[in-house]
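Keep the coordinates open as you read.

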Amino acid sequence: MTQPTHPSTASDNKALAGTAASSAAAKMKVLVVGATGFLGAKILRNLAHDANVVVVAMSRKGAAPNERADVEWVRVDMMDPESLHRALQGVDVVVSSANSYMKGSLDTDFQGNKNLIEAAARAGVGRFVFLSIVSCEAASAVPHFHAKKVAEDLIKASGMPYVFVRAPSFLDQSSDYIAKGVKTAGSRRSAIKPRSGPMC
């Protein structure tokens with residue numbers, strides 16, 4: 001024998017479901033591209049603290065080892081347009097810090113960005129935030145600078161609202177050159193034997 005649902009309980013449940021749905025709909029869905037990189041990970045951590053944002057982290061490698069419970073991870077390759085199409089469904093804002101020049105390739109910087117921008121435009125993304133490089137338009141002889149300018153032009157041509165963050169070089173993305181220099185100088189100094197006797 002099934003107990004009939006009390007009318008007030010049924011209406012309460014419906015109201016709660018409606019509130020949850022409207023709350024989820026009010027949140028902005030942000031896709032962070034390059035989420036396992038140096039900058040992407042920092043962007044991800046900051047966005048995850050915003051209660052008004054649903055954060056989706058995109059990476060070719062999949063979820064980071066210290067995966068956050070409040071972040072949804074999608075494994076996507078920017079060289080695969082079909083996987084990009086799936087990842088961009090329902091996304092309001094794309095924040096991209098992805099690059100491949102630090103890994104010795106420019107595939108992502110040119111073709112990967114092109115694929116991402118075209119897929120975002122088709123998905124109706126409301127804003128594209130792109131981490132670029134300062135004065136990239138004046139350095140066409142430097143391949144990864146030129147790649148940023150090409151991507152900027154593609155974003156402009158797409159018709160999507162955009163934000164370009166033209167930052168200077170991030171030396172801490174690779175080795176810490178200053179720390180290395182100090183260590184090298186220190187080891188050289190310790191290798192020099194101090195002279196004994198009075199100093200003239």
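Helices (H or I, at least four residues) and strands (E, at least two) are DSSP runs, numbered from the N terminus. On that basis the chain has 6 helices and 6 strands. From the N terminus on, they run α-β-α-β-β-α-β-α-β-α-β-α.

This is a predicted model: local features need pLDDT of at least 70, side-chain atom pairs count only at pLDDT 80 or more, and totals for chains, interfaces and linings use all residues. Residues are numbered from 1 along each chain as its sequence is written, and side-chain values use heavy atoms, with hydrogens and water left out.

Start with the totals. Of the 200 residues, 32% count as buried (under 20% relative accessible area, 1.4 Å probe, protein chains only). Take contacts next (heavy atoms within 4.5 Å). Among those with a separation of 6 or more, 61% join residues 24 or more positions apart. The accessible surface (Shrake-Rupley method, 1.4 Å probe) is about 12,500 Å². Carbon and sulfur atoms hold 57% of that surface.

Now zoom in on helix H5, residues 143-158. Its buried residues are Phe 145, Ala 147, Lys 148, Ala 151, Glu 152 and Ile 155. They lie on the same side of H5, because they cover an arc of only 155° around the axis (taken from the directions from the helix axis to the C-beta atoms). What do the buried residues of H5 pack against? Their partners are helix H4 (107-123), strand S5 (127-133) and strand S6 (162-167).

The expected span is 1.5 Å times one less than the number of residues. For the 16 residues of H5 that gives 22 Å, and the end C-alpha atoms are 22 Å apart, so the two agree. After H5 comes Gly 159, with a positive phi near 90°.

How values were computed
Buried < 20%, exposed > 50% of the residue type's maximum accessible area, 1.4 Å probe, protein only.
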